Amino acid sequence: MLHENPLMIDIDVDQWRNLHERFLKSVKGRKRIIVIHEDGEILKFIHADKEDIIKTIDKVIDPRRDAKKVYEDNMSKTDLVLMLERKAVERFFAEIQDSWSAEEDLDEYVYRMYSKLDEYKDEIVTHPGPARENLGLRWRLTISYPQVKKLVQRYIPPNSVVVVGVFENSNSIWGSLVLGFDEKRKIKLITTIDKSQVTRNWKEEYKQVVRWVEEKFWKCSLGLFMDRCDMETVLESDSKLEALKDLIEEGKLIAYPVPEVLQQQLG
Amino acid sequence: MIKPRYDGLYIDEERTPVHGGEVHYWRLVPEKWGEVLDKVKGMGFTIVATYIPWEIHEVKKSVFDFGEREPSKNIDKFLTICEEKGLKVLARPGPQINSELTWFGYPKRILEDPEIQARSAQNTKAVLTQVPRPIPALSYASEKFFKETAEWYDIICPILRKHKAPQGCMIGVQVDNEMGYFFHINPYMVDYSDSSIKKYQEFLKEKYRTIENLNGLYRTNYKFFEEIDPPRRFEGREKEDLPYYIDWIEYREHYLINSLDRLARMMRERGLDDVPIFHNYPHPLGPGGSVGATTTPFNLPELERKLDFVGFDIYSRKELYDHVKTIISYVVGCSRFPFIPEFIAGVWPWYFWPGKLKDEEFVTKSALMHGIKGFSRYMIVERNKWMGSPVTRDGRIREDRYKFFKRVNEILREYNFADFKKRSEIMLMSNRDYDRLEAAVVLIPFPGDFLEPILGFSEYPNFTTISENNFGFDEPIQLVKTECLDVCYRGLTEQGYSFALGDTSLSIDKLKEYKVLVLASFEYMSSRLQENLLEFARNGGMVILGPKLPILDEHFKEKHTLKKNLSPSKRVEITLDGKTVGFKYEIGKGSVVYLPELDKRKPGRILGRILEGAGACRVEKNDPRIDVTIHENVKEPGRRLVFVANPTSYTISAKIGLDKVPISIKEIWENRIVEIRDGKLVDELHPYTIMIHECVFEGG
């Protein structure tokens, strides 16, 4: 979905940082116990922050059961147990790397890498939860990558731009994302709303933002504008579409423009 | 001729301080070049650095565009405009430039060529997850790679040659970029290509001369060097197994040095023989900034025997003060010209959780505080895939950032920073042999990843990924050596001593610039280092080491060179709180201090005790969290700059006692008079701030 050479221009660092803080989480930020073993023989058994830990296993027999046990023994100082079998890790990386092709998009490659963890669920083990849901850098969204792709294919017209603006105190842009999709719906443009576009009240200026997008880039097919607290409402909702509809009805979220196909969904 | 010296580049013996910034001509509208360069000059920059991307100029194999088709690719014209505007230039023609380009600066065909690709230990491609496309690592051992690069150099070097200083603007050329196995730092990732394995075998042959010598050490029965396959994973159990693995780590250093040397020679052969050629190692950002990560697979001292100067790039946030201090102190300790080739001015969009301008201010002052003498800001003019520069890609100014960079340059010029030199009579040393051991015993291989390594490990070997085996030594040296360095680093800082960092690849002449060497020592130590330490002590220096005295050399053969020179008759016990904490042995004009519990105690007070009278400059401070450095003006001895850092998230009221009382103190960033109370510098330090105090003394 990410173009081979996207424009990533004029990004507002403050907005970008806010988005990172809200939407990204890293396995590095979690209190981890690391167990490295080879055919069950434990070679490494440590806490990533050098905390003292209880070690009640001296051999890995059933990795998933043992990871759970290590976690339960050390629950007060641990978010995650990572249990790795050496040879499996070597195989895992070898397989993913040898499948590289210059034509494959970054997100596809990364998604395949994470998906492959499922093939190693007895060897690259985390607890609680499977490795695929724990490792690496992750977004804090209850929506999967294939679902996002599907939504883009379904609702976003080719050669168009989607803009999402989230505001604080009416006139301050907390975070925004301007994504341009090319004729194959690959992301060809990534930027943020220029803060000069909203100076008084975003509810009076969102059309100006859309004009700015269209003058500067391409036709805007979807614009979503809301206050930060309302963004949280959508994110926390189990039914995001329903949440969007409710907020639109209440006048708290403005969807402008909206692609026809999505208009029907939003009512 | 242009020569690097400690305080800048000298063009025909005239000093040119190197305070520059990166501008990418091909990413800007050429009609804006002049205007943009004026803005760069407006901030006080006198030097522009630019990559020159093979990827962009090669339209198809052997067909290049230098402005004939797309005016933005006219590098010759860009350099001419720089000349017209009186700007000097650092040119960076690769071949690898990264530069957030899709193919890292190479034509795509190069990356796709299996003959040029590096191979992993599992004999696969070795892919770096970078943005916007993952790319395979290339083999810098491949003859075809050098042949292809030669064609690029044949085209680009003649253009650059025309612009050489002093007639032209070009005062330096960078060879390649952040060479470090395409961020596959993990030693069992690459390069296992046939051409690299051949070079590895040649390396062993040169090192051991005969296969019998190697077999004797490895306990093997090879008939020829050509049949030796490099280690593809660590499987050692005892110390006798280790040389095979450690040699691979040493080879990886040679690989990088030899590749860069060859590329530099190719440039010189093409007419770039009288401008300095330099290189930038990547920023070695372990968790929190690992103290030991500046050595293997990098080897700055060895590489500077081939190139004119070498630095490390820095992109840090304020919380990583110790990381910045470590890198800068290491470059200051090792390089003939302490230079940061890429120094944060904004970041790439996939730099997660980017800092604020305050972070850049703190990092800038940290670098100056610890003695950096030159830098190039990356990027001073924004472009595609970069954010947070002081000048936008269409030439607009971001007021706060513009003002900040301008202020830095004003201060550097107004105070003639090049005339100041950080006082550091102490060198804290990483022992490269132990760092190689640490790298050799890594248990888990994983590739480089610009998003985030999926397993969450630092790409640099550390306690989370290495073996805990003792290998027959009293302790796992690969783990304890880092603790030793760390406690000494903190101990010296707490006691008010500033120091340079170095490593055991430095020449004895370089070591002799210091009065005191501090380093960890265990059962083994290379013969050369044992001899160097003795010579250093005999020459009047003080060596502080521990927790073991070496009895073996780097091949784990008996070697008591150091120990047998420590005579009990010339031994003095060192006590603290009534306990013996170490022994001082007189040797020649100097001494060796042995601390058997260097790794176990907090050595701050012990170091403080030992260093009394060693001639090392010490400051008194009321709070151990404060860090202080003193820079002496080499031309005016009565003038000093005293940097006081608060690298914490708390406000600290600082009281600093210097070796003599100044008659006046001014904080130069804020242009503010600072109080002297009871002969001490008194100042309030907000979280993550550094004050730069100009102190004037009697007679100054």
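In which sense do strand 1 and strand 2 of chain B pair, and over how many bridges?

1. Strand 1 (residues 2–5) and strand 2 (residues 8–11) of chain B pair in the antiparallel sense, over four bridges. Two strands count as paired if DSSP finds at least two bridges between them; strands (E, at least two residues) and helices (H or I, at least four residues) are DSSP runs, numbered from the N terminus. Pro4(B) has Leu9(B), in strand 2 of chain B, as its bridge partner. The two strands form a hairpin with two residues between them.

2. On the basis of the note: this is a predicted model, in which local features need pLDDT of at least 70 and side-chain atom pairs count only at pLDDT 80 or more, while totals for chains, interfaces and linings use all residues. Residues are numbered from 1 along each chain as its sequence is written, with chains lettered from A and ligands numbered from 1 in the order in which they are written.

3. Strand 2 of chain B also pairs in the antiparallel sense with strand 3 (residues 14–16) of chain B, over three bridges. Ile11(B) stands opposite Glu14(B) in strand 3 of chain B. This hairpin too has two residues between its strands, and Asp12(B) in the turn has a positive phi of about 50 degrees.

4. An open sheet of chain B consists of six strands in the order 16-25-26-32-28-29, with antiparallel pairing. Strand 16 (420–422) and strand 29 (672–673) of chain B each have a single partner strand, so one side of each is left without a neighbour in the sheet. Strand 16 of chain B is joined to strand 25 (residues 627–633) of chain B by three bridges, and Lys422(B) has His631(B) as its bridge partner in strand 25.

5. Helix 11 (residues 357–369) of chain B packs on this sheet and touches strands 25, 26 (639–646) and 32 (689–696) of chain B. Its direction makes about 40 degrees with that of strand 32 of chain B (axes are lines fitted to C-alpha atoms, for helices over the stretch in contact, and angles run from 0 to 180 degrees between N-to-C directions).

6. Helix 8 (residues 242–269) of chain B has 28 residues and reaches 40 Å from its first C-alpha to its last, close to the 40 Å expected at 1.5 Å a residue (1.5 Å times one less than its number of residues). Of the 28 residues, 20 are buried, so helix 8 of chain B is largely enclosed by the rest of the structure; a residue is buried if 20 or more other C-beta atoms, placed from the backbone, lie within 10 Å of its own. Gly271(B), which follows helix 8 of chain B, has a positive phi, near 95 degrees.

7. At the interface, 41 residues of chain B are in contact with 43 residues of chain A (C-beta atoms, placed from the backbone, within 7 Å).

Methods. Two residues are in contact if their C-beta atoms, placed from the backbone, lie within 7 Å. A residue is buried if 20 or more other C-beta atoms lie within 10 Å of its own, exposed if 12 or fewer, and partly exposed in between; C-beta atoms are placed from the backbone.
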